Structure formats: C-alpha cells, structure tokens
Amino acid sequence: MIRLKQTHVPLILLLSILTFGAANLLYGDDDDDDNDGKSGEHHSSQSSSPSTSKKVASKSQSATDLGAPGYTTLYKEECTSCHMAYHPALLPTASWTKMMASLKDHFGVDATLEAKTQSELLKFLVSGSAEKNRSRRAQKLLKSLKGNTVPPVSYSTTSYFKQKHHEISTGVFKRKGINSAANCLACHPRAEEGGYNEHEVKIPKG
Ligand code: HEC
Ligand code: HEC
C-alpha cells in the first residue's frame, strides 16, 4: 500500500507539470490574441452593404481593425506624397511628437514643413494615436512598447511588427512590388483604412 502511494506521488507531479506545460503552450502565446475576432472580421470584410456596415465597422474596430482614420486634406497633401498614408493609430503619441519634431531628417530625407502645418498635422496624428484607439491591435502594440524608453518612429521596426511578420523572410520585403517592410499597402490591401486582417493579406510575387 505505502509503496504504491510513493510511486504515485511523482507520477501525479509529472502529470500536473505536463498539463501546466500544455496549458501554457495553448494560452500563454500572446501571438494568437489578435485572432479572437476572426469570424467577425471575416464577415465584416465581405459585407459592405450600407445597412449593416455601421454595426460591423464598430465591431471590427473594437476587435482588430484600427477603424476609419479620418485623414485630413492637409495630411493627404503633406504626408502621402512619398509613401502610403500611415494610420495615426499605428504609433503612440510620443512617437508622432518625436517624428514631427525631427522632419528635417525623416528616414534620411528632408520632410520639413512650415511650423503651422507641422503643428496642425501633429494635432491630427495625436488625436488618433494608438492611445486613443480602442482596437485590440492598438492596445497590443502599446503593451508591447511598455518599458521602452525611446518611442519608436517607425512601426516596421517594432518588436510587435517583427513578431507578426516573423514568417516573412527579408528577401520578400525587397521584392520589386514591395520594396520595404514599411510598404504595408503592398500586402495589406486595406492598410490605409486601418485594415490589417491577416486573412486579407496578399503578398506580391515579384
Ligand atoms: C519627402 C518624402 C517624405 C515625406 C513628405 C514624408 N515621408 Fe514619411 N517616410 C519617408 C521615407 C523615405 C520613409 C522610410 C520608408 C521605408 O523605410 O521604406 C518614411 C517613413 C515613414 C514612417 C515609418 C513607416 C514604418 O513603419 O517604417 C512613418 C510613420 C512616416 N514616414 C510618416 C510620415 C508623416 C506623418 C509625414 C507627414 C508629416 C511623412 N511621413 C512625410 C519619406 C517621406
Ligand atoms: C510582404 C508583405 C507584408 C508587408 C509589407 C507588411 N505585412 Fe503585415 N502581415 C503580412 C502577413 C503575411 C501577415 C500574416 C502573418 C501571419 O499570420 O503569419 C501580416 C500580419 C500583420 C498583422 C497582424 C494581423 C493579424 O490578423 O494578426 C499586422 C497588425 C500587420 N501585419 C501590420 C503591418 C503593417 C503596419 C505593415 C507596414 C508597416 C505591414 N504589416 C507590412 C504581410 C506583410
């Protein structure tokens, strides 16, 4: 009897370790959280009829879509001549503040603006920054940046981006139709509207 019990104790321990380990694998991986709204998102991307779009849009914003960016004419004029329109919720307030204060050396190019234009654009970016966005996507980005002392000025170099794109080799980002990891629009057709659902991704072949 006693001997039997003693052999059971390590066995139970082993079993519980195994179960905990499996639970960690299943639930501990942060990477999967953004997929919670999968079915809802899929639905939202297909139904574009005006009667349902309102409800669906708010649902998708609170899930993973960043929602309508509300680009101003000024933003379109000044910030989309060299690249796609980056949604304000892609970066936190500190990032936009830093970026707008250093336009003289903006990723190696001079993107200087008049002071008034610059402050108006900053106001627009800050009003829609990640902190103001209720989507899970923006909240996850902010969470991933916790502890960073220097705010990132680019989304494509954040660890969150790297985590989401670890399956894509650097060679793919260099393809002619893509050019750069910063060219979100090449692979995410609704990037400018804040749609980054993985099910809509189309990677250009050449
Ligand atoms: C004169 C051209 C030019 C203008 C104007 C310009 N940019 Fe850029 N921007 C660039 C270049 C070049 C890059 C680097 C792109 C790359 O890495 O492929 C960049 C990168 C960025 C990135 C980082 C994207 C990422 O995730 O890597 C953001 C955000 C950005 N720009 C926002 C803005 C905003 C906001 C404005 C308007 C105030 C603006 N840009 C105006 C040339 C420009
Ligand atoms: C070469 C094509 C490519 C480019 C360029 C690209 N992405 Fe992606 N992105 C993907 C693919 C493929 C996935 C899906 C990865 C997976 O689930 O394994 C993805 C996933 C994501 C996700 C997570 C989606 C989800 O449903 O979980 C986000 C957010 C995202 N990308 C944002 C961006 C942003 C922002 C940029 C530009 C700064 C960008 N991506 C540039 C291909 C690209």
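User: How do you know how confident the predictor is in the protein chain?
Analyst: The pLDDT averages 81 over the protein chain. A score of at least 70 is reached by 70% of the residues. Residues 11–60 stay under 50. The model has 27 contacts beyond four places in sequence for that stretch. Where pLDDT is low, the predicted coordinates should not be read in detail.

User: Why is Ser95 called buried?
Analyst: The cut-off is 20 or more other C-beta atoms within 10 Å. Ser95 has 21 C-beta neighbours inside that distance, so it counts as buried. Ser95 is found in helix H5.

User: Which residues is Ser95 in contact with, leaving aside its neighbours within four places in sequence?
Analyst: Ser95 is in contact with Pro151, Pro152 and Val153. Ser95 and Pro151 are 56 residues apart along the chain, yet their C-alpha atoms are separated by 5.1 Å.

User: What share of contacts in the protein chain joins residues at least 24 apart?
Analyst: The share is 64%, among contacts between residues at least 6 apart in sequence.

User: What is the phi of Phe107, and what is that of Asn179?
Analyst: Most residues other than glycine have a negative phi. Phe107 is not a glycine, but its phi is positive, about 55 degrees. Asn179 is also a residue other than glycine, with a positive phi near 80 degrees. After H7 comes Gly147, with a positive phi near 95 degrees.

User: What makes up the largest nonpolar core?
Analyst: It has 12 residues in all, including Leu66, Tyr86, Trp96, Met99, Leu121, Ala138 and Leu141. The elements that give two or more residues to this core are helix H5 (93–100), helix H6 (115–127) and helix H7 (136–145). In soluble globular proteins, nonpolar side chains tend to be buried together.

User: How do you know that the buried residues of H7 are on the same side?
Analyst: The buried residues of H7 are Arg137, Ala138 and Leu141. They cover an arc of only 95 degrees around the axis, so they fall on the same side of H7. Residues three or four places apart in an α-helix point the same way, because there are 3.6 residues a turn.

User: What covers the buried residues of H7?
Analyst: The cover includes helix H8 (159–164). Leu141 touches Ala130 and Tyr160, not counting residues up to four places away in sequence.

User: What makes up the shell around ligand 1, by class?
Analyst: The shell has nine nonpolar, six polar and one charged residues. Of the 16 residues around ligand 1, Cys79, Cys82, Ser154, Ser180 and Ala182 come nearest.

User: What percentage of the protein chain counts as buried?
Analyst: Of its 206 residues, 19% count as buried.

Key: Residues are numbered from 1 along each chain as its sequence is written. Chains are lettered from A and ligands numbered from 1 in the order in which they are written. A nonpolar core is a set of buried Ala, Val, Leu, Ile, Met, Phe, Trp, Tyr and Cys residues joined through C-beta atoms within 7 Å. Helices (H or I, at least four residues) and strands (E, at least two) are DSSP runs, numbered from the N terminus. Two residues are in contact if their C-beta atoms, placed from the backbone, lie within 7 Å. A residue is near a molecule or strand if its C-beta atom, placed from the backbone, lies within 6 Å of it. Ala, Val, Leu, Ile, Met, Phe, Trp, Tyr, Cys and Pro count as nonpolar, Asp, Glu, Lys and Arg as charged, and the others, Gly among them, as polar. The arc is that of the directions from the helix axis to the C-beta atoms. pLDDT is the predictor's confidence in each residue, from 0 to 100.
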